[in-house]
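Here is a short briefing for a first look. Please view the sequence and the structure below, then read on.

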Amino acid sequence: MANAQVQDTLHPKRIIHRTVVPGVLMGGGILLNGTLFEKNLQVNLRDRVGEEFEFPIDDYFQYVPIAQLYLADLLHVKSRNHWFDQTKYLLISNLITSGFTHGLKHLTAKTRPNGSPNAFPSGHTSFAFSNATVLFNEFYRTAPLLAYSGYFFATTTGAFRMLNNKHWLSDVMLGAGIGILVTELVYHFEPLKAFNPFMKSNSISFVPRITGQEYGFYFSWYLY
């Protein structure tokens, strides 16, 4: 599957601009961590939805930006990068984000609202925002509505981590900031930029596959 590329160079001023939002989120998360404000907020949220409330949409919405990314490729929506480069930056972003997130979880050893360990920061939220930021970087010039839509699903993921009593506000804010910041930096520096063995191939199919409880990708490469 060939994918038209959109030339887009991130200038230093632009990357500074792009890091303001994640910086504010991370700073806010650190400042709110363990405060009476976030504890009262969590109590109020649970009072409104009920102590028995649990709606695990956050387990699924974190993956939606990935599905959007590859569906757009399948529909030949113009993107910044070839599908292989998209996948490459998606994997790199998520690996780095996961490393920071889980490292901080064990370092801070913060208790979740429901009493479980490893609250700070939220892994679901960092993953969701990392995915959303990949989607944004690929399509913000050619399909702005699609590009920004990933943040709706990421924000909903974070909100339901709180509504489901799995995380505090500071956990979600720090997770969102990490996911955005790491991915913006990956797109700025473009690691392994020259590595793309499929750039000139027209015999590649790469499609997301969701069946029941199974999630994955269909990949085919015809040699002739």
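Does Leu75 count as buried or exposed? Leu75 counts as exposed, because its relative accessibility is 58%. (Buried means under 20% relative accessible area, exposed over 50%, and partly exposed in between, with a 1.4 Å probe and protein chains only.)

This is a predicted model, in which local features need pLDDT of at least 70, side-chain atom pairs count only at pLDDT 80 or more, and totals for chains, interfaces and linings use all residues. Residues are numbered from 1 along each chain as its sequence is written, and side-chain values use heavy atoms, with hydrogens and water left out.

**Overall build**

- The protein has 9 helices and 2 strands. Helices (H or I, at least four residues) and strands (E, at least two) are DSSP runs, numbered from the N terminus.
- Along the sequence the pattern reads α-α-α-α-α-α-α-α-α-β-β.
- Of the 224 residues in the protein, 48% are buried.
- Take the contacts with a separation of 6 or more: 77% of them join residues 24 or more positions apart. Contact means heavy atoms within 4.5 Å.

**Surface**

- The accessible surface of the protein is about 11,700 Å². Carbon and sulfur atoms hold 67% of that surface. Such areas come from the Shrake-Rupley method with a 1.4 Å probe; for residues, only the protein chains shown count as cover.
- Leu75 sits in the loop between α5 (64-74) and α6.
- Leu71, Leu74 and Leu75 make up a nonpolar surface patch, with about 280 Å² of accessible area together. Nonpolar side chains (Val, Leu, Ile, Met, Phe, Trp, Tyr) are joined within 5 Å, like charges within 9 Å.

**Asn196**

- Asn196 lies in the loop between α9 (169-189) and β1 (204-211).
- Asn196 counts as buried because its relative accessibility is 13%.
- Beyond its neighbours within four places in sequence, Asn196 is in contact with His82, Phe84 and Asp85.

**Thr111**

- Thr111 lies in the loop between α6 (83-108) and α7 (123-139).
- Thr111 counts as partly exposed, because its relative accessibility is 45%.
- Setting aside residues up to four places away in sequence, Thr111 touches Ser116, Ala119 and Trp168.
- Thr111 and Lys166 are 55 residues apart in sequence. In space they are 9.7 Å apart, C-alpha to C-alpha.

Terms used: Patch = residues over 30% accessible without salt bridge, like charges linked within 9 Å, V, L, I, M, F, W, Y side chains within 5 Å. Salt bridge = Lys/Arg side-chain N within 4 Å of Asp/Glu carboxyl O.
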